Amino acid sequence: MVDELQLDEVLEEEEDTQKDMYMTFKSGDEYFGISISYVNEIIGMSSITQVPEAEDYVRGLINLRGKIIPIIDVRVRFRQEALPYTDRTCIIVINVKDTVVGLIVEKVDEVIKIDKSNVIPPPSLNQHGGGSNKYVCGLAKAENGVKLLLSPERLIQDEDFSAFAEGEDAEGEEEKE
């Protein structure tokens with residue numbers, strides 16, 4: 001019983017340390033942030049297996065310690081021109097509702113605390129509700145400028161990823177048998 005209470009306290013403490021914390025990264029001339037609670041790890045670029053007929057921003061799949069993970073290029077997802085990968089290019093591995101996805105970013109910047117009072121909703125830039133803030137859930141005022149906060153759910157909300165997630169589920173079921 002005491003161990004369960006201690007575990008609950010540790011879990012609550014861990015959630016508190018992640019509250020209002022964001023991993024920031026560069027894409028083009030802008031800096032973006034994603035809640036640290038979604039981030040599993042950051043890895044260097046590795047060999048990506050291309051998937052035929054996938055959307056252009058879906059670069060393919062990687063094998064990360066035995067788990068197959070779809071990889072998307074954030075620049076291409078944002079309709080920016082693709083750039084050659086450099087030694088600064090890396091993959092941020094995120095977990096969104098049990099779907100693990102890798103995000104290729106030009107450069108990881110830092111992990112920062114952004115108080116909710118410094119976050120405002122993004123402006124509506126067009127009449128149809130889509131466009132440039134399709135994936136942005138907030139604008140954060142930070143010490144060194146404005147960070148565009150991303151909604152990971154919107155970023156991977158796509159038929160391509162639901163197909164990958166179904167494949168992961170099937171793979172997991174096979175392992176159980």
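## Terms and model

Helices in this account are DSSP runs of H or I with at least four residues, numbered from the N terminus. The model is predicted.

## The open sheet

Six strands make up an open sheet with mixed pairing, and their order across the sheet is β8-β1-β2-β11-β10-β9. Because β8 (107-113) and β9 (119-120) stand at the edges and each has a single partner strand, one side of each is left without a neighbour in the sheet.

Within this order, strand β2 (residues 30-35) runs parallel to strand β11 (residues 145-150), and the two are paired over two bridges. Phe32 has Leu148 as its bridge partner in β11.

## Ser35 in strand β2

Ser35 belongs to strand β2, and because its relative accessible area is 17%, which falls under the 20% cut-off, Ser35 counts as buried. The side chain of Ser35 is joined to that of Ser37 by a polar contact of 2.9 Å. When residues up to four places away in sequence are left aside, Ser35 touches Met21 and Tyr22.

## Val76 in helix α2

Val76 is found in helix α2, which covers residues 74-77, and with a relative accessibility of 11% Val76 is buried. Leaving out residues up to four places away in sequence, Val76 is in contact with Asp56, Tyr57, Arg59 and Ala82.

Glu55 lies 21 residues from Val76 along the chain, and the C-alpha atoms of Val76 and Glu55 are separated by 9.8 Å.

Methods. Residues numbered from 1 in each chain as written. Predicted model: local features only at pLDDT ≥ 70, side-chain atom pairs only at ≥ 80, totals over all residues. Heavy atoms only, no water. Pairing = 2+ DSSP bridges. Buried < 20%, exposed > 50% of the residue type's maximum accessible area, 1.4 Å probe, protein only. Polar contact = N/O pair within 3.5 Å; in protein donor to acceptor, adjacent residues only side chain to side chain. Contact = heavy atoms within 4.5 Å.
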